[in-house]
Every structure is written in structure tokens, then in C-alpha cells.
Amino acid sequence: MKKLIKNILFLVLATIFLMYALDFVYTYIYQNGIPRNKVAYVLSKQNKKIDYVFIGSSRVDNTIVPKIITEITGKSSINLGMQGAKPDDYYLMLQLLHKQNIVSDTVFIQIDYTFNMEGTSDIINSSLMPYINDSLISSFLKERNPNFYKLKYIPFYRYLTFDYKLGFREAFSTAIGKHPNINLESGYFPKYGSQGGKLASVLPEFINKENNTLNKINTFAKANDILIVYFMAPYCANTTNLDFSDKLKVKIPSMLNFTRVFIEEDDNFFNCSHLNDKGAKEFSKIMAKSILNN
Amino acid sequence: MLFNSIAFLVFLPSVFIVYWFVFKKHLKAQNIFLLATSYLFYGWWDYRFLALIAASTLVDYCIGLAIANENVRKKRKLLLIFSLVFNLGLLGFFKYFNFFIDSWVEMWEAFGIAMHTSSLNIILPVGISFYTFQTLSYTIDVYRKKIEPTKGFVDFATFVAFFPQLVAGPIERASNLLPQFKIPRVFDYNLAKSGLHLILWGLFQKMVIADSCATYVNIVFSNYENLNSLTLMTGSIYFAFQIYGDFAGYSNIAIGVARLLGFRLMRNFNYPYFSRDIAEFWRRWHISLSTWFRDYLYIPLGGSKGSKGEQIRNVFIIFVVSGFWHGANWTFVFWGALNALYFLPLLLAKNNRKHLNTIAENSWLPNWKEFIQILITFSLTCIAWVFFRSDSISDSFSYLNILFTNLDFGLQYLSMERYNVELILLLFLFIVTEWVFRKQEEPLTGKYSLLKAVFTIFCILTLGVYSEHQEFIYFQF
């Protein structure tokens with residue numbers, strides 16, 4: 001029995017050692033390798049000026065083509081939209097930009113049904129894991145992630161939890177300098193053609209009284225002299241409760257409402273709430289002209 | 001409770017410590033403790049279904065004793081029939097009720113007669129197919145006078161509910177497992193160490209091989225209409241390794257856990273993908289079920305004796321029933337029938353027991369003939385797995401139709417930066433490892449075993465799938 005217990009103890013100690021070692025190696029790779037997501041990209045830059053920054057969910061990620069914005073306005077721009085992002089994620093991105101001293105003339109934030117949401121998304125959480133010891137990110141996660149202490153203090157647990165985004169394949173790709181299938185300098189991720197099936201989407205029937213995170217964003221922007229412009233990206237015609245955008249406009253009077261700009265042009269949509277590449281290019285022209293006019 | 005869960009990580013050491021250190025010298029207390037922990041293990045999933053296990057235990061315990069005390073053949077048979085009806089009735093109700101109702105309705109609707117469906121919302125109790133077969137084997141063996149009935153209720157109840165193999169086997173025979181509850185257990189270092197190796201290897205098979213494949217398999221099978229030949233081919237290969245890693249992994253963990261507690265369970269998998277024909281495959285795949293059907297169905301039907309017609313009938317019955325055992329869907333039935341078709345030529349040519357030895361026993365590599373035989377057997381198995389994995393038989397045929405007619409063998413993007421051929425290297429390394437160690441139970445035993453164990457842990461940590469938590473496939477059976 002003693003021999004078996006010795007064996008088991010050895011294996012347990014080896015496991016703990018491996019977890020510490022792997023945690024160190026993965027963190028080193030992610031912090032020093034080429035950035036492969038937008039959070040890593042922002043954290044890899046410092047003291048930079050980008051005139052127009054676009055923040056939001058996939059409805060920014062697949063919608064804003066910075067190249068076109070820059071061609072028309074003559075100003076630099078970047079798309080920092082991320083799949084599944086929620087208002088808390090927008091706020092964090094704004095704070096990260098400020099922390100890295102990346103200054104901009106205007107930060108455009110896409111808002112829609114997310115006005116009724118608080119919180120953060122799993123995908124964004126995964127991007128933050130290599131930087132969990134950073135004070136800003138640490139306090140962000142502490143407030144929002146119920147597993148924060150496990151993620152921070154159990155070695156390698158953060159990489160196991162988010163292995164689909166930060167596992168071996170991602171660490172290996174980062175280590176060998178494999179570029180992601182998105183150009184992070186621009187940040188635009190195109191969708192081509194159509195998803196298929198009938199276009200349809202549903203917006204909420206009711207709108208919340210307010211969104212606490214947006215209030216925080218506004219306060220933060222004011223305190224740090226950042227100009228925020230909210231906008232709502234297009235939806236297809238077959239959207240239930242499309243008047244949600246009008247209700248939102250009442251809540252945020254300065255919001256640029258582009259909800260209906262392609263109401264007769266379904267071929268611009270990948271699906272009802274996401275533009276395809278053709279639509280994104282058209283919309284970016286509209287957006288750029290709107291910037292010039294305002 | 002899943003073997004690859006945090007709860008089990010706490011459960012197993014606790015059971016081990018109490019079992020060996022507190023109850024070491026008290027066999028009865030050890031058995032009662034095992035029974036209690038087994039019920040806890042099962043109840044962790046859904047405590048309400050403990051009543052089913054308890055009922056099945058009570059019925060077969062009483063019937064076993066009654067059969068042994070009865071000398072009149074007719075009455076003994078009647079008691080056996082009661083046990084069969086009770087156990088198979090429970091299994092039939094929980095597993096097949098809705099299937100029969102739906103099939104009945106669909107059959108009439110095919111003739112244009114609309115019927116009202118009234119299927120029930122029945123939850124399938126985890127492991128019911130496994131423990132039902134285990135208790136049945138006991139009653140049948142007592143009836144056949146192959147074993148004496150047990151008088152110790154706790155021993156019998158623990159035999160039925162023994163947690164390492166309760167929910168997904170191996171399906172143990174009473175003649176092997178039951179006597180082990182009756183003799184004092186002495187801690188055996190070598191047995192426990194081999195158990196530890198099996199647990200680690202099983203975790204590797206499940207978390208690295210099966211779960212990695214699952215991610216790709218799910219994408220391929222849910223979107224097969226839009227994919228090319230190469231992707232569908234890799235999809236079926238990935239599923240072959242998913243189900244192998246999943247089920248062999250579970251079996252290895254189960255056998256390993258039992259060994260830590262001083263029990264020897266039967267081997268359930270013996271490198272099935274190195275088989276040279278389908279008959280050999282079925283001697284190496286899910287051995288406890290194959291031998292169960294052989295002993296309690298195939299041989300009583302006449303086996304390979306009798307006329308050609310009877311032989312063909314027997315083969316089809318055993319394979320179709322085996323398919324149906326896996327699940328209440330025509331896809332499983334078809335999968336079973338397809339395997340019968342594969343098996344039949346071997347039986348009729350009396351070649352079904354040709355490959356009983358270890359492949360390439362005295363050489364490093366198989367010869368060309370053996371290599372081609374393995375390749376053909378594996379390909380046939382992969383085709384059959386398509387039926388096993390698909391949602392319907394028509395989906396299976398569409399899948400195979402595209403696979404064989406699309407003829408585009410290019411690299412294809414699946415999802416989340418994953419491409420169709422990416423797992424081939426991992427599977428190749430896995431196959432090489434299994435090939436090198438094919439003469440032993442698992443690769444970790446032998447020279448440098450501690451080093452190999454640490455490397456396995458390293459692989460589980462780095463290559464294992466944690467976020468897309470996959471349940472063991474065979475739980476649903």
C-alpha cells in the first residue's frame with residue numbers, strides 16, 4: 001500500500017508541477033507571441049493614435065470595413081467588434097484603449113438589443129485569461145466571473161476552462177507565429193454570401209429603462225475626454241419589433257440609426273442581423289459619409 | 001457521476017481510503033460500504049431511478065433462490081420467465097416504448113392513415129441496459145445450474161450495483177464477479193498499480209482521443225450535405241475513434257477503479273481496429289456484450305450448428321438484437337444487420353475463427369496481406385459507423401452517397417479555425433502507440449511506467465478537451 005501511495009503522490013506532484021509549468025509557458029507564449037485576437041492586439045499596442053475606433057459585437061466585427069472608412073474620411077480607423085460581446089465588454093475595451101494610451105477622435109459603439117443586456121461574454125473572457133494578473137482585467141473579471149478565484153489561483157485552470165480558444169492548438173499557433181484568419185490591423189471579419197434559409201430576426205418588444213454599463217461608459221468617456229457616438233447597424237426587413245430602434249433612439253437621442261438603410265436590399269445580408277461582405281462595404285460607405293456630415 | 005468529473009476526483013480517493021483503511025478487515029462492512037457508495041454514485045445522476053435497480057436486485061435475488069429450491073422443471077422455467085419478463089419489461093418500457101409507438105404510427109401513416117400519437121415523456125435511466133443484462137445472466141446461470149444462487153443479499157446487491165461498471169459495463173458474469181464479494185480482499189500492489197495505469201490510459205482515450213474527435217464529428221454529421229468526400233471520410237474515421245476512445249476509455253477506467261478496490265473485471269476491448277476480419281473485430285470489440293449474446297442468445301438458438309438457413313437466421317438475430325440493444329432507433333438495427341452481412345460470408349466459408357492469435361505476433365509490422373486485411377476491416381467498420389452515428393437511415397445513405405460520389409478530396413474549413421484533416425496526425429500517433437503495445441493490456445505498463453504515466457498526464461492536460469464537456473456515449477444505451 002505504501003508503494004502505491006508513493007506512486008500516487010508522485011503522480012499528483014508531477015501533475016501540480018506540470019500545471020505550474022504549462023501555465024507559465026502558455027502565458028509567456030500568449031503575452032509575447034503575435035496577437036491572434038483583438039484583446040491581445042490592443043494590449044500589444046501603446047501610445048498610438050487611431051482616429052475612429054468601432055466597438056461592439058459581431059454586428060460590428062462583420063459590418064465595419066475600416067479601409068473604406070479611411071479612404072472616404074482620410075482618417076485612420078479600426079474595427080474592434082467581437083463575436084458575442086456585450087456592454088460590459090465594450091466598457092472593458094474602452095478602458096483597455098485608455099490604459100494603453102491609444103487615443104482616438106471618436107469611439108463608435110454599436111448598440112441594439114444589447115441595450116437590454118448587462119454582463120460579459122465567454123469568448124471575451126477567454127481572450128482575457130493570459131492577462132488575468134493585470135489589475136484592470138483582474139478587477140473586471142472579479143466582478144463578473146463567478147470562477148474568478150479558481151481561474152486566477154489554480155495554475156493552468158484558466159487555459160483548461162477555455163481550451164477551445166486557448167488550448168494547445170491556439171498556443172501552438174501563437175508560438176509559431178501563425179497569423180489569424182483576420183487582419184487585426186483592420187479588424188474587419190467578412191461574411192460572404194448568405195447563410196441560407198429565410199431571413200428573419202427578432203428584436204425585443206420592450207426596452208429597459210436604462211443600461212447601467214452604458215451609464216458607466218458615458219461617465220468614463222466624460223472623465224477622460226473621449227467622444228462616444230452610438231449607432232445601430234442595419235437589420236433586414238423581416239425583423240419582428242423593428243421599432244425597437246426607435247425606442248432606443250428615444251433613450252439615446254444622439255444615436256445614429258442605420259437600422260433601415262438596407263430594408264429593401266436583402267442581398268446585403270448574410271443573415272437578418274449580419275451583413276455580408278457586399279453589405280458591409282456598402283454600409284461602411286454610408287457610415288463614412290455620416291461621419292463626414294456630422 | 002462521471003469518471004472525468006471533479007466530483008469523481010473527490011469520490012474515488014474517499015472511497016479508496018475508507019474501504020482499505022477503515023473497513024480493511026471487515027468483509028461484510030466493505031461490501032455494505034461498496035453498496036452504499038455505488039448507490040450514491042448512481043443517485044448522483046438521479047436518485048429516483050435507484051428504485052429500479054433495487055427492484056431488479058430484489059426480484060432476481062428472490063428468483064435465484066426460488067429456482068435453486070425448486071426441483072420441478074416446469075416451475076423453474078416459469079420462475080425464469082418471470083425474471084425475463086420483469087427485467088426485459090422494465091428495459092422495454094424505459095427504452096423502447098416511444099420507439100414502438102412512433103414506429104407504429106409512422107407505419108400507418110405510410111399507408112395514408114393518420115393516427116394520434118400518445119408517446120410518453122420517458123427518461124431513459126442511465127445504465128439500464130447494462131445492469132439488466134448483468135442480473136439476467138445471474139438468473140439464467142442459476143437456472144442452468146452453472147452457478148449456485150447467493151444467499152447473501154448484500155453481496156448480490158453489490159454485484160448488481162458495483163459502481164465502477166454499473167452504468168456502462170463491462171457487463172460482468174455472476175460466475176466471475178459474485179464470488180469476489182465473498183472472499184476477503186487483500187491489497188495487491190501490482191493489481192492496484194495496473195488499475196492506476198488503466199485509469200490514466202482510459203482518461204487519455206476519453207479526453208484526448210474521443211472528445212477531440214467529437215468536436216469534428218459533430219460539425220461533420222450535422223452539416224454533411226455541404227461537405228466534400230475527404231471531409232466525410234475523415235468524419236467517419238473520427239467517429240470510429242470517438243466511439244472507440246469513449247467506450248474503451250470508460251471500460252478501462254471502470255476496470256482500473258475495480259482493481260484499486262481489489263476486483264478483477266473482464267477485459268472489454270482488445271485493440272479492435274487491428275482486426276483482420278469482422279469476426280475478429282467482434283471478438284475484440286465490447287467483448288462483455290458480444291460474449292453475453294453468444295452465451296445467452298446465439299448458442300441457445302443453435303449457434304453455428306444446424307442447417308445453413310438456421311445459421312444465417314441466428315447470425316442475423318444476434319446482430320440485429322445487438323444493434324437494437326444500443327438504442328431505440330432503426331439506425332442501430334440497420335447497423336446490426338449490416339454487421340451480420342459482413343459476418344455471414346466468413347461463417348458460411350467457416351472462416352470466422354481464422355484469426356485467433358495476436359496480429360504480427362513475432363514481428364514489428366504486419367505483412368502486406370495483414371495490412372490490407374486490417375484496412376478493409378476498418379473501412380467496413382467505418383461505413384457501418386455512419387449508420388450508428390446518423391440521425392436516420394436516409395441521412396446515413398445520403399452521407400455515404402456524397403462520400404462516394406462527390407470525389408473532392410481537398411482541404412475543407414469546418415469551424416473555429418478547424419480543418420477536415422487536422423486530427424489525422426493525432427490519430428496516427430495514437431494508432432502507432434496502440435500498435436507498439438498491442439500485446440499488453442495498455443501502453444503504460446512495463447519499462448519506464450512512471451515516466452509514461454507522467455507523459456500521459458501531460459497529454460491529458462495539453463490535448464484533453466475540457467470546455468466542450470462530452471458525456472460518455474454509452475451512457476445513453
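Seven of the nine residues of helix H6 of chain B are buried in this predicted model, so H6(B) is largely enclosed by the rest of the structure. The buried positions of H6(B) are Asp155(B), Phe156(B), Ala157(B), Thr158(B), Phe159(B), Val160(B) and Ala161(B). These residues pack against H2, H3 and H5 of chain B, and also against helix H7 (174–177) of that chain.

Within H3(B), the buried residues are Ile53(B), Ser56(B), Thr57(B), Asp60(B), Tyr61(B), Ile63(B), Gly64(B) and Ile67(B). They pack against four helices of chain B, namely H2 (27–46), H4 (73–110), H5 (128–143) and H6 (153–161).

Chain B as a whole contains 17 helices and two strands. Its radius of gyration is 23 Å, close to the 23 Å that the globule rule gives for 477 residues, so chain B is as compact as a globular protein of that length. The C-alpha trace of chain B spans about 65 × 65 × 45 Å along its principal axes. Of the 477 residues in chain B, 42% count as buried. Among the contacts in chain B with a separation of 6 or more, 73% are accounted for by residues 24 or more positions apart. The average pLDDT of chain B is 89, and 95% of its residues score at least 70.

A buried position is also found in a loop of chain B. Pro272(B) lies between helix H9 (229–260) and helix H10 (278–284) of chain B, and it counts as buried with 20 C-beta neighbours inside 10 Å. When neighbours within four places in sequence are left aside, Pro272(B) is in contact with Tyr244(B), Phe281(B), Arg284(B) and Trp285(B). The C-alpha atom of Pro272(B) is separated by 28 Å from that of Met1(B), a residue 271 positions away along the chain.

In chain A, five strands form an open sheet in the order E3-E2-E5-E7-E9, with parallel pairing. Strand E3 (77–79) and strand E9 (256–257) of chain A stand at the edges of this sheet; each has a single partner strand, so one side of each is left without a neighbour in the sheet. Strand E2 of chain A, which covers residues 52–55, pairs with E3(A) in the parallel sense over three bridges. Val53(A) has Ile78(A) as its bridge partner in E3(A).

The two chains meet through 19 residues of chain A and 20 residues of chain B. On the side of chain A that touches chain B, the elements giving two or more residues are helix H1 (2–32), helix H9 (157–161) and helix H10 (163–166) of chain A. The greatest contribution to this side comes from H1(A), with ten residues. By residue class, the side of chain A that touches chain B divides into 13 nonpolar, four polar and two charged residues. For the complex, the predictor gives an ipTM of 0.85 and a pTM of 0.88.

Definitions and conventions:
Residues numbered from 1 in each chain as written. Chains lettered and ligands numbered in written order. Predicted model: local features only at pLDDT ≥ 70, side-chain atom pairs only at ≥ 80, totals over all residues. Contact = placed C-beta atoms within 7 Å. Nonpolar A, V, L, I, M, F, W, Y, C, P; charged D, E, K, R; others polar. Rg over C-alpha atoms; globule rule 2.2 N^0.38 Å. Buried ≥ 20, exposed ≤ 12 C-beta atoms within 10 Å, placed from the backbone. Pairing = 2+ DSSP bridges. pLDDT = per-residue confidence, 0-100.
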